[in-house]
Amino acid sequence: MMMKKLYGLILAVCLLGSICTGTASNVFVPASNPNITYMGRVSKTNPEAVRFTYPGVSVCAAFEGTSLQMKTKPGSGAYMVEIDALDPYRIQIGENDSIVSLAEGLPAGTHQVRLMYAIEGYELKPEFYGFYLDEGCHLVPMPELPVRRIEFIGDSMTCGYGVESENPKDPFTYETENHYYTYAAETARALQAQHLVVARSGIGIYRNYNGPREGNKDCMPTMYEQTLFMNPDEHWEHRLFVPDVVCVNLGTNDVSTKGYDKVLLQNAYRDFVGYLRKVYPQAKLVLLTGSMLNGKGLADVKEALDTVTAERQSQGDMNVFRFDMSPQNGSLGYGASYHPSRRQHQKMALELTAYLRKLMGWN
């Protein structure tokens, strides 16, 4: 345990001087290298500059040597870094950063790295270009990723809005957003599953936050097909990630302010579930309520989800299910803008993990 803490300290100290320029002794491995594995919706229209916008997208590799750097688009946002079995840490890609040190002074040998994009990237438009390794070192084939697969469709809770804040009066900032600590990422880790995220803060199933009664055109069903959020030019190929279970956590924004229409809410959920069934004929679909709903809004969303689930089951689709996570009451604190705190996300993850473990038979 002492060695692990010392090793982690070396990595943390290394981050203090994390910006580097690369030298002739570094070996560059481009993003197109077949030993780099991606998880989540990524665009490879230019294989040397892999693009993504959704939180939770991961870049995984196994590398030889004692150090590792990444090359990325400056101002790309934040990543969580996991190396071997050490504690994860966060890095921020500044406006002048293009090559960033991830680790130095590692024991000689082979190591594994996973970079998880921590925030929503539709404004920053991140791009990953590759890794720098020690001279004479190479990437080696990664162990196979977990065979279990979960897709999470959601809003700010699934993104991780405000999870690193402990002040409910804080506004939204990228600095306090972190998908790594969400109920979704925690559940995937607990179940040893790959996960793919389609989520954006403020989005709804038919009406985005404080939108008009008739709804918004850029709600989730419209955006769902896009590889890169807010970019209609490239549609995602669903065959690239076929989930065992899809967890849909939408409706909070639809009912968060006055002026929503219960019928339109229910119709939108009905249509979206029908579309998901066409996309994933064999997957289990779980319709969730999250911890931010309460009162009449919670009751109306539950009614819509219960109705749609009952209808699907009456039509013979017995793979549509319902699950409610506990509403927050402040006992576990709040994140920014009264979003779930990290402890609230952990509670949601415990609840959802237990439910999915039983539903999927995942021991």
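A residue is called buried when its relative accessible area is under 20%, exposed when that area is over 50%, and partly exposed in between, with a 1.4 Å probe and protein chains only. By this criterion Thr 187 is buried, because its relative accessible area is 0%. The structure is a predicted model, in which local features need pLDDT of at least 70 and side-chain atom pairs count only at pLDDT 80 or more, while totals for chains, interfaces and linings use all residues. Residues are numbered from 1 along each chain as its sequence is written, and side-chain values use heavy atoms, with hydrogens and water left out.

Thr 187 is found in helix H3, where helices (H or I, at least four residues) are DSSP runs numbered from the N terminus. Not counting residues up to four places away in sequence, Thr 187 touches Phe 152, Ala 349, Leu 352, Thr 353 and Leu 356, a contact being defined by heavy atoms within 4.5 Å. The C-alpha atom of Thr 187 is separated by 8.7 Å from that of Gln 346, although the two residues are 159 residues apart along the chain.

Helix H3 (residues 183-190) packs against helix H8 (residues 342-360) at an angle of about 45 degrees, and their axes are 8 Å apart; axes are lines fitted to C-alpha atoms, for helices over the stretch in contact, and angles run from 0 to 180 degrees between N-to-C directions. H3 and H8 are therefore oblique to each other, since angles under 35 degrees count as roughly parallel, over 145 as roughly antiparallel, 65 to 115 as roughly perpendicular and the rest as oblique. On the H3 side the contact is made by Tyr 183, Glu 186, Thr 187 and Ala 190, and on the H8 side the residues include His 345, Gln 346 and Met 348. The residues of this contact of H3 with H8 comprise six nonpolar, four polar and two charged, where Ala, Val, Leu, Ile, Met, Phe, Trp, Tyr, Cys and Pro count as nonpolar, Asp, Glu, Lys and Arg as charged, and the others, Gly among them, as polar.

A second pair is formed by helix H6 (residues 262-279) and helix H7 (residues 295-314), which pack at an angle of about 40 degrees with their axes 9 Å apart. This angle makes H6 oblique to H7. The residues of the contact of H6 with H7 divide into seven nonpolar, three polar and eight charged.

The structure holds zero disulfides, a disulfide being a pair of cysteine sulfur atoms within 2.5 Å. The sulfur of Cys 219 lies 16 Å from the closest cysteine sulfur, in Cys 159, and is therefore too far for a bond.

Technical notes. Helix = DSSP H or I, 4+ residues; strand = E, 2+ residues; numbered from the N terminus.
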